[in-house]
Amino acid sequence: NGLLGEVWDDEMSSSMLGTRMKKVVQNYQAMNKYGVELSGPGGVSGTPKLSGPELLCQLKDKVEVATLTPDLQPFSLLPWATQLPPQQLTSDLGPYKSCAVVSSAGSLRDSGLGKEIDSHEAVLRFNAAPTTGYEKDVGSKTTIRLINSQVMASDDHRFLSSSLYSSGVLVAWDPAPFSADLTKWFNRTDYPIFAQYQRYRRLHPLQPFYILHPRFEWQIWQRIQDNMAEPIQKNPPSSGMLGTVLMMSLCEVVHVYEFLPSRRKTELCHYYQRFYDAACTLGAYHPLLYEKNLVKRMNQGSDRDIYTNGRVTLPGFRKLNC
Ligand code: C5P
């Protein structure tokens, strides 16, 4: 590996961050806005370190991709519940053979990965990430777009009117209480996800649009915490991590691009914006640093794939023999 530059080390810790970011992370570790209750080995140093295959099986066993359906309370009591898809996302979509998850990292710029990304059967993108004008680097196929409630609610993103959101399948999520109690969440969403969902559905009634069950985000959070030697931020995982696990449940093999930074590693936040902040890659609000440690440990590709293509290879859950 002598000629290879550095790739993500699976034991990144908040102690390796600069002073400013270390403070931000510590604040979120202490804040606990969502009422996280610690259980299990989480945060205890000396936690036995699982192998990649063991981690994969744990993830498959303990995380369920669930979406809201019209029969669930309190939604079943509301007239707009009929706008929710009647079936689970996992029974409607896939199985796909080979999939791409396209992080929005600045290091995708000048990557030339577009053709490779488009060669996959299904491609997942995040939030406001465009393809128009960036095809050479990120491709043009969008099968699924995972969006957070902040993007749905903010005026700048023009969620209801922008053509960015009108192709492919939409999947939305919102940082919910740790209990994942639907009534508590409904009464206290982070952003007005349900009001925006109803408006969007009226304007685009034929486009498939799912909402993730909050259990999903916190089950993944628990997998990250239980496998780290220090306390992680008490906030939900980033869209990147949610989308990766979502695709692992739909695909035979998942390729994640520029989640673990390649040789193009940069402080440029997104490939589509001129905004620089290392927190985009290392995390502040989200436990992104620890998500990346976990993904590095589960990676079945080579360090060279990460270094030159920013590419991680993960098996789909169906293909795993646990
Ligand atoms: O910023 P946004 O959440 O839309 O980006 C999509 C995902 O890509 C993030 O949730 C994160 O997992 C990943 N990302 C990253 N490094 C960046 C920017 C985004 O790992 N610089």
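Arg158 is exposed, because 12 other C-beta atoms lie within 10 Å of its own. The cut-offs are these: a residue is buried with 20 or more other C-beta atoms within 10 Å, exposed with 12 or fewer, and partly exposed in between, with C-beta atoms placed from the backbone. Arg158 sits in the loop between H6 and S4. Its phi is positive, about 45 degrees, although Arg158 is not a glycine. Helices (H or I, at least four residues) and strands (E, at least two) are DSSP runs, numbered from the N terminus.

This is a predicted model: local features need pLDDT of at least 70, side-chain atom pairs count only at pLDDT 80 or more, and totals for chains, interfaces and linings use all residues. Residues are numbered from 1 along each chain as its sequence is written.

Asn32 is another backbone case. Its phi is near 60 degrees, a positive value in a residue other than glycine. Asn32 lies in the loop between helix H1 (19-31) and H2. It counts as partly exposed, because it has 14 C-beta neighbours inside 10 Å. Two peptide bonds also call for a look. The bond from Gln73 to Pro74 is cis, with omega near 0 degrees. Pro74 is placed in the loop between H2 and helix H3 (89-92). The bond from Gly94 to Pro95 is cis too, with omega near -5 degrees. Pro95 falls in the loop between H3 and strand S1 (96-102). Most residues other than glycine have a negative phi, and most peptide bonds are trans.

Now the whole chain. It has 13 helices and seven strands. Its radius of gyration is 19 Å, close to the 20 Å that the globule rule gives for 322 residues, so the chain is as compact as a globular protein of that length. That radius is taken over C-alpha atoms, and the rule is 2.2 Å times the number of residues to the power 0.38. Along the principal axes, the C-alpha atoms fill a box of roughly 60 × 45 × 40 Å. Of the 322 residues, 46% count as buried. Among contacts with a separation of 6 or more, 72% join residues 24 or more positions apart. Two residues are in contact if their C-beta atoms, placed from the backbone, lie within 7 Å.

The largest nonpolar core has 87 residues, and Cys99, Val101, Val102, Leu124, Ala172 and Met247 touch the most other members. Such a core is a set of buried Ala, Val, Leu, Ile, Met, Phe, Trp, Tyr and Cys residues joined through C-beta atoms within 7 Å. Take Leu124. Beyond its neighbours within four places in sequence, Leu124 contacts Cys99, Val101, Val102, Thr143, Ile144, Leu146, Gly243 and Met247.

Ile147 belongs to strand S3 (residues 144-148). Ile147 is buried, because 24 other C-beta atoms lie within 10 Å. Residues up to four places away aside, Ile147 touches Asn127, Met152, Leu170 and Ala172. The C-alpha atoms of Ile147 and Arg125 are separated by 8.7 Å, at 22 residues apart along the chain. Val151 is in helix H6 (residues 149-153). Val151 is buried as well, with 21 other C-beta atoms within 10 Å. Its contacts, leaving aside neighbours within four places, are Asn127, Ala128, His157 and Phe159.

H9 (residues 214-226) has 13 residues and reaches 19 Å from its first C-alpha to its last, close to the 18 Å expected at 1.5 Å a residue. The expected span is 1.5 Å times one less than the number of residues. Buried residues of H9 include Trp218, Trp221 and Arg223. The buried residues of H9 pack against helix H2 (52-62), strand S4 (169-173), helix H7 (182-187), H10 and helix H12 (288-298). In H12, 10 of the 11 residues are buried, so this helix is largely enclosed by the rest of the structure. Its cover includes H2, H9, H10, strand S6 (251-257), H11 and strand S7 (311-315).

Last, the ligand. It is surrounded by 15 residues, the closest being Ser103, Ala105, Asn127, Ser238 and Gly240. A residue is near a molecule if its C-beta atom, placed from the backbone, lies within 6 Å of it. Helix H10 (239-248) and helix H11 (279-282) each supply at least two residues of this shell. The shell divides into six nonpolar, nine polar and no charged residues. Here Ala, Val, Leu, Ile, Met, Phe, Trp, Tyr, Cys and Pro count as nonpolar, Asp, Glu, Lys and Arg as charged, and the others, Gly among them, as polar.
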